[in-house]
Amino acid sequence: GQSLEQPSEVTAVEGAIVQINCTYQTSGFYGLSWYQQHDGGAPTFLSYNALDGLEETGRFSSFLSRSKGYSYLLLKELQMKDSASYFCAVRALRGYYGNNRLAFGKGNQVVVIP
Amino acid sequence: NAGVTQTPKFRVLKTGQSMTLLCAQDMNHEYMYWYRQDPGMGLRLIHYSVGEGTTAKGEVPDGYNVSRLKKQNFLLGLESAAPSQTSVYFCASNPSTDESAAQYFGPGTRLLVL
């Protein structure tokens with residue numbers, strides 16, 4: 001099975017940089033995704049890492065170390081609209097019914113203040 | 001393109017009542033999922049489907065049933081609702097060839113069981 005750990009809440013000012021960490025343990029690993037969810041809204045996909053290293057998408061970057069079971073999401077030039085919960089999700093071992101099952105962490109709340 | 005839609009948006013049930021939640025997607029995706037989200041628990045997979053006519057159990061399937069009679073629709077049924085099923089339910093979908101594992105979520109159904 002899988003277990004994922006994420007710290008609970010971070011507060012930062014506009015323009016700052018925030019790093020959100022995720023550690024995981026799984027019997028099979030194909031990749032790790034990050035999702036953003038605003039209060040009362042649906043989760044939306046941000047990034048995906050299958051290999052070690054850094055992936056950059058605009059103001060957001062995601063890093064993966066498979067040997068350490070560790071990932072982080074970096075939010076740069078914070079904006080008020082970045083106030084949301086951020087979830088990491090591990091893509092589970094390929095099974096009989098396909099390889100797109102995700103196990104989600106509990107999420108990390110980011111609060112951006114002026 | 002409406003993406004993923006869910007019906008109803010909100011429902012109140014009494015213990016023992018039954019209901020069906022409907023998820024529809026117009027993106028021709030093969031895979032569909034039902035999750036529940038409780039405070040501090042992240043998203044947990046209830047059931048999923050890898051194609052029309054197929055369903056499989058996820059992490060927390062007890063008390064729920066599903067059907068995928070048409071590719072675009074995925075139904076989640078509660079035969080005898082319990083207060084423990086009070087939650088926000090999200091449906092998601094993705095194409096089978098999506099190696100990035102990006103799942104597209106509906107807006108959610110908020111269910112209160114009294």
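## The lining of a pocket

The lining of the second largest pocket is made up of five nonpolar, 10 polar and four charged residues. Keep in mind as you look around that this is a predicted model. The pocket holds about 330 Å³ of space. Its lining counts 19 residues, and those closest to the centre are Q37(A), Q37(B), D38(B), P39(B) and V88(B).

The top contributor is β9(B), which gives three residues to the lining of the second largest pocket.

Now for the charged pairs. Side chains of opposite charge can pair when their charged atoms come close. Across all chains, a search of the whole structure turns up six salt bridges.

One of them joins R66(A) to D52(A), with 3.1 Å from N to O. These partners sit in distant parts of the chain, 14 residues apart: R66(A) is in the loop between β7 (60–65) and β8 (70–75) of chain A, while D52(A) is in the loop between β5 (44–49) and β6 (53–57) of chain A. How exposed is each partner? R66(A) is partly exposed, at a relative accessible area of 42%, and D52(A) is also partly exposed, at 44%.

A second pair to find is E56(A) and K76(A), whose closest N and O atoms are 3.2 Å apart. Is E56(A) buried or exposed? With a relative accessible area of 53%, E56(A) is exposed, because the cut-off for exposed is over 50%. K76(A), at 21% relative accessibility, counts as partly exposed.

## Salt bridges in chain B

Over in chain B, the side chains of K71(B) and E30(B) form a salt bridge at 2.9 Å, N to O. K71(B) lies in the loop between β7 (65–67) and β8 (73–78) of chain B, and E30(B) lies in the loop between β3 (19–25) and β4 (31–38) of chain B, so this pair ties together parts that are 41 residues apart in sequence. E30(B) is partly exposed, with 27% relative accessible area.

Chain B also has a network to trace: R36(B), D38(B) and R44(B) are joined through salt bridges that share partners.

Conventions: Residues numbered from 1 in each chain as written. Chains lettered and ligands numbered in written order. Predicted model: local features only at pLDDT ≥ 70, side-chain atom pairs only at ≥ 80, totals over all residues. Heavy atoms only, no water. Salt bridge = Lys/Arg side-chain N within 4 Å of Asp/Glu carboxyl O. Helix = DSSP H or I, 4+ residues; strand = E, 2+ residues; numbered from the N terminus. Buried < 20%, exposed > 50% of the residue type's maximum accessible area, 1.4 Å probe, protein only. 1 Å grid on protein atoms, 1.4 Å probe; cavity = no way out; pocket = protein on both sides within 12 Å on 5 of 7 lines; lining within 4 Å. Points joined across faces, edges and corners; volume = space filled by probe spheres on them. Nonpolar A, V, L, I, M, F, W, Y, C, P; charged D, E, K, R; others polar.
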